[in-house]
Amino acid sequence: MPEITTAPPTDLTKRQIRLGVGSMLASMAVVETVSGFTQQYLYPVLPAVGAQHGIGTVQLSWIYVVQQVGMTVFTPLLSRLGDNHGYRRILRLSVAMLATGSLLMAVWPSLIGIAVGALLQGSVVGFMPLMIGILRDRTGDEGARRGIGTLVGVLLAAIGLAGVAAGAMAAVSPVLGLWTGVAVAALGLVACLLIPAERSAPAGEGFPLGPFGLLSLGLVGITLALSQGPAWGWDSPATLVSGGVGVLAAAAWPFAELRAERPVVDVRMFRNRRVTLASLVTFCLSFVTIGTLGANSTFLGADPRTAGYGFGLGSMAIGFAMLPQAATGVAASLLTPRALRLLGDRTTVAIGGLSALAGFGGLALVHGTLTAYLVLSALTGVAMGIFQSATRALAVEAVPVSETATAAGVNELVLSLGGAVGAALVSAVLSAHAGTGGRVEGGGYTVAWAVCALVGAVAAVAAIGLRTERT
């Protein structure tokens, strides 16, 4: 299947196009800042809110699961609705859902209020696919590459800063931290009103409920099993039933899609080598960079006097220690469009895999000083920035413009699953190295980072199969 490319509209002068794209990107950057902040600010805030309002640790863990499940279901739903009914229209709906969820959590900081709010906040997963749809429609493939690189950079910067900012505000007042999310969401509502609509008419076709139901059931079941397996026990009935139902539904889903007149996800797109390889790279590098975030936090916070490893950092210090990874991720994402043009798809994506191999391989060998940790984690940030920018662009360039948001949504799904599988496997490795009292031995982190290095190598090998195609 040949690559399908688009070109920007030619009925405008170059100066008009630059001005229009600049204004549009600025508004999109604000929306993506809201996305990054939302995905990060609850982690330092919710424990303090729970302590103040009587929400236990187990209940808090379920709130995170609810949000993850919401993201899993909303990804294909919002992406397909965008292709069918217009990207800007569904983007505004997504931002409104996020704002509603944020407000509900702030005015009703109870278990139910926060759980429902977290579920609505799952709509954040629609922001990137829908904005990519608008970008590609209005600027063509090359313009979309540059825009995606910018948006990914903004996203990673917002994620890096949100933890520090929210943690500082939660230290003053836990509920103030929740209201910070409301203020940021309101800013996103204003920004999305300034984003122009796509030029092409949406498909306007019906929504396939059967395939969507199977896909949702499969994703929810697998996500629950992976996220709760360490808590429930990998051999517990709850984990086995959840995972089993998820796997069966996921296995039946492609056949339902093939029979659908207008599928949620056209599984035939995976016949395209670029889509398949880009998805494999996305899975591998989200596995290693996103799946290790929790473990890296616990390592940084471990007291070396009692654990024998770690640096004994507090919440604020951990946030600052994660900034080098975010900073190199931002820089890499901004440089990726130029690298794709100058070096080609294969070399650029391979650099991402090799950065993960070097960063995590280095951590497995050298992690006794904070300086070494910061340098090597910054190297893993290069992998994060490259894959988040490059694979999003490569995934959508292989499909028609009318399928852009759906293809981008598939990439977001693979990204989420990679992070979930990575987090589950890393957690399992650490649990296997837990000693008396549940304390993890230092060797657990070494093994986990070594596994991530190998997965990064798989991504680099997969990138070799990518071929740079231009029209």
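R274 and D345 join their side chains in a salt bridge, with N and O 3.1 Å apart. The pair links distant parts of the chain: R274 belongs to helix α9 (residues 273-289), D345 to helix α14 (residues 345-365), and 71 residues separate them. R274 and D345 are each buried. This is a predicted model, and the values below are computed from it.

**Salt bridges**

The bridge between R274 and D345 is part of a network of salt bridges that also takes in R145. Across the structure, the count of salt bridges is seven. Three of the pairs are set out here.

| Pair | N to O distance | Where the residues lie |
|---|---|---|
| R274 and D345 | 3.1 Å | helix α9 and helix α14 |
| R80 and D83 | 3.9 Å | helix α2 |
| R341 and E142 | 3.8 Å | helix α13 and helix α5 |

R80 and D83 form a salt bridge at 3.9 Å, N to O. They sit three residues apart in helix α2 (residues 57-85), so about one helical turn separates them. R80 is buried, and D83 is buried too.

R341 pairs with E142 in a salt bridge, where the closest N and O atoms are 3.8 Å apart. R341 is in helix α13 (residues 323-343) and E142 is in helix α5 (residues 127-172), so this bridge ties together parts 199 residues apart in sequence. What is the exposure of R341? R341 is partly exposed, because its relative accessibility is 44%. E142 is also partly exposed, because its relative accessible area is 30%.

**Another residue of α5**

Helix α5 also holds A171. A171 has a relative accessible area of 68%, so it counts as exposed. From A171 to V34 is 137 residues in sequence and 21 Å in space, C-alpha to C-alpha.

**How α13 meets α15**

Two packed helices are described by the angle and the distance between their axes. For α13 and helix α15 (residues 370-397), the axes come within 6 Å and cross at roughly 40°. The two helices, α13 and α15, are therefore oblique to each other. Their crossing is right-handed.

Which residues of α13 meet α15? On the α13 side they are P324, Q325, T328, G329, A332, S333, T336, P337 and L340. Their partners in α15 include L374, S377, A378, T380, G381 and V382. Also among the α15 residues are M384, G385, I386, S389 and A390. By class, this contact between α13 and α15 has 10 nonpolar residues, 10 polar residues and no charged residues.

Definitions and conventions: Residues numbered from 1 in each chain as written. Predicted model: local features only at pLDDT ≥ 70, side-chain atom pairs only at ≥ 80, totals over all residues. Heavy atoms only, no water. Salt bridge = Lys/Arg side-chain N within 4 Å of Asp/Glu carboxyl O. Helix = DSSP H or I, 4+ residues; strand = E, 2+ residues; numbered from the N terminus. Buried < 20%, exposed > 50% of the residue type's maximum accessible area, 1.4 Å probe, protein only. Axes fitted to C-alpha atoms, helices over the stretch in contact; angles between N-to-C directions. Parallel < 35°, antiparallel > 145°, perpendicular 65-115°, else oblique. Left-handed = near helix turned anticlockwise from the far one by under 90°. Contact = heavy atoms within 4.5 Å. Nonpolar A, V, L, I, M, F, W, Y, C, P; charged D, E, K, R; others polar.
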